[in-house]
Amino acid sequence: MSTTLASRASSTASRPPVTTVRVALAGCGTVGGALLDLLARHADDLTRRHALRFHVVRILARDASRPRSTAVERALLTTSVAEFLDTPADVVVEAIGGSCTADVLARGALAHGRALVTANKALLRTQGPALAAFGPRLRFEAAVGGGVPIVRLLREGLAGQGVHRVRAVLNGTTNYILSRIERGDPYAAALAAAQRAGFAEADPSRDLQGVDAADKLALLAWLAFGADPSTLEVVTEGLPRDVDAAVRGAARSGRRLRLVATAERAARGVTAHVSPALLHLDDPLAAAVDEENVIQVTSASSGTLTLRGRGAGGAATAAALLADLIHLFQPGTH
Ligand code: HSE
């Protein structure tokens, strides 16, 4: 009797043993909390499909007494970085944001021989190459594009293809604000809604002034062209002063205002800039709605690839962290 693919897939005899992965999670806000929820909700699936069981062994929080989602086991909370790093773990997930504590954590984790999965674009912009020198245990899919797997695409799918251009909407908060204004909301209300939804940075001026998009663009230029993100100059301009009027003016001329990030490799080196642009409606970047990101990557061999999806928010960012965790530890993937 022949064995069908279906019967082979359902056979337990060939399944690899389940690997338990000890996770130390730094940060228990929008993103960290969403990751805990994902791990709890998909625990069975992670075991069945990926032979992985993630066991959260420690959670670093700024304030251990703050009320949190039910997925947080209070006994695991600590506010001490030293205690956090001393807890035996296989991987540190850094979702704490900022640069100071995150830098100590990142170096501490890698120096202790742990893998590091981080969503921290500001940290990677300045420290990325130094952290990458510790080896392939550094993963950062969540740092750019939220749930859009652009890091993996550039690192793996397009490796060796001579990417020469990246053009993208990389900041969910500003895109959300522009979309809400297009639907009739005033700027202040749109910004407040973006903050409530957990899209904005702790300091929202990083979003509004284009700094967050510039950090992400520098990381894409690192992956795509090998540019050093810490020294790459990204000419940066944020949203215009009177955003409401600019959005209305764009609509009157049949266009859409978007914050566009572009990096190109030319004979003289890499150029990179972030600035508001009036886009024709048939431009793929104009299709970015609410917190979405759209990323176009152009290479000689593949032409232009376009990715579009949720670029900010707890669930999208946590999904990217989880993808990194799976790729790091799934048997047979490295
Ligand atoms: N503040 C960021 C954004 C969060 O709005 O895109 C995701 O990186």
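A: Two strands pair if DSSP finds at least two bridges between them; strands are DSSP runs of E, at least two residues long, and helices are runs of H or I, at least four, each numbered from the N terminus. The model is predicted, so local features need pLDDT of at least 70 and side-chain atom pairs 80 or more, while totals for chains, interfaces and linings use all residues. Residues count from 1 along each chain as its sequence is written, and side-chain values use heavy atoms, without hydrogens or water.

Start with the sheet. Six strands form an open sheet in the order β8-β10-β9-β7-β11-β12. Its pairing is mixed.

Now go inside. β7 (residues 163–169) and β11 (residues 292–299) run antiparallel and share six bridges. R165 has T298 in β11 as its bridge partner. Helix α7 (residues 150–157) lies across β7, β11 and β12, in contact by heavy atoms within 4.5 Å. It runs at about 15 degrees to β11 (between N-to-C axes fitted to C-alpha atoms, for helices over the stretch in contact, on a scale from 0 to 180 degrees).

Next, the ligand. Polar contacts here are N or O pairs within 3.5 Å. A polar side-chain atom of E201 lies 2.6 Å from a ligand nitrogen. For K216, the distance to a ligand oxygen is 2.9 Å. N171 has a side-chain N or O atom 3.4 Å from a ligand oxygen. The protein covers 92% of the 260 Å² of accessible area that the ligand has on its own (Shrake-Rupley, 1.4 Å probe).

How values were computed:
A polar contact is a pair of N or O atoms within 3.5 Å; within protein, one must be able to donate a hydrogen and the other to accept it, and residues adjacent in sequence count only if both atoms are side-chain atoms.
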